[in-house]
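Welcome, and please take a moment to look over the sequence and the model below. We will then walk through them together, one region at a time.

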Amino acid sequence: MAQVNLRVRDERLALIDRGAAIRGVTRTEFVLQASEAAALEALNERPVIVLDDEAYDDFLAALDAPDKPSARLRELAARRPPWER
């Protein structure tokens, strides 16, 4: 088990203590619960996609393969830019 030390202004500590009291938990438990919730929220903002070896190879191949331009893209590329008209 590790120990974590924090420097906290009196106002913030009082707020934390009030929140802990309302929840009926210790200051430590309150801070840990809030920290864990914030960590999970941050991690969920950046989901991890797990692929097996075959799917990963397919993914890399798709990234390396040149995409075929659509008819719309070819049409746009053939137009003269407005500043050249």
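Let us start with I49, which is exposed because its relative accessible area is 73%; here buried means under 20% relative accessible area, exposed over 50%, and partly exposed in between, with a 1.4 Å probe and protein chains only. Before going further, note that this is a predicted model, in which local features need pLDDT of at least 70 and side-chain atom pairs count only at pLDDT 80 or more, while totals for chains, interfaces and linings use all residues. Residues are numbered from 1 along each chain as its sequence is written, and side-chain values use heavy atoms, with hydrogens and water left out.

Where does I49 sit? I49 belongs to the loop between α2 (27–45) and α3. Helices here are DSSP runs (H or I, at least four residues), numbered from the N terminus. Together with L51, Y56, F59, L60 and L63, I49 forms a nonpolar patch on the surface, and the accessible area of these residues together is about 610 Å². Such areas come from the Shrake-Rupley method with a 1.4 Å probe, and for residues only the protein chains shown count as cover. Patches are made of residues with over 30% relative accessible area and no salt bridge; like charges are joined within 9 Å, and nonpolar side chains (Val, Leu, Ile, Met, Phe, Trp, Tyr) within 5 Å.

Next comes helix α3, residues 53–64. Its 12 residues should span 16 Å at 1.5 Å a residue, and the end C-alpha atoms are 16 Å apart, which agrees; the expected span is 1.5 Å times one less than the number of residues.

Now step back to helix α2, where S35 is found. S35 is partly exposed, as its relative accessible area is 40%. A polar atom of the S35 side chain lies 2.8 Å from the backbone oxygen of V31.

Side chains of opposite charge can pair when their charged atoms come close. How many salt bridges does a search of the whole structure find? The search finds three, a salt bridge being a side-chain nitrogen of Lys or Arg within 4 Å of a carboxyl oxygen of Asp or Glu. One of them joins R27 and D17, whose closest N and O atoms are 2.7 Å apart. This pair links distant parts of the chain, with R27 in helix α2 and D17 in helix α1 (residues 10–23), 10 residues apart. R27 is partly exposed at 41% relative accessibility, and D17 is partly exposed at 29%.

In helix α4 (residues 71–78), E75 and R72 are three residues apart, so about one helical turn separates them. Their salt bridge has its closest N and O atoms 3.2 Å apart.

Our walk ends at W83, in the segment after α4. W83 is exposed, with a relative accessible area of 72%. W83 and A37 are 46 residues apart in sequence and 53 Å apart in space, C-alpha to C-alpha.

Terms used: Helices (H or I, at least four residues) and strands (E, at least two) are DSSP runs, numbered from the N terminus. A polar contact is a pair of N or O atoms within 3.5 Å; within protein, one must be able to donate a hydrogen and the other to accept it, and residues adjacent in sequence count only if both atoms are side-chain atoms.
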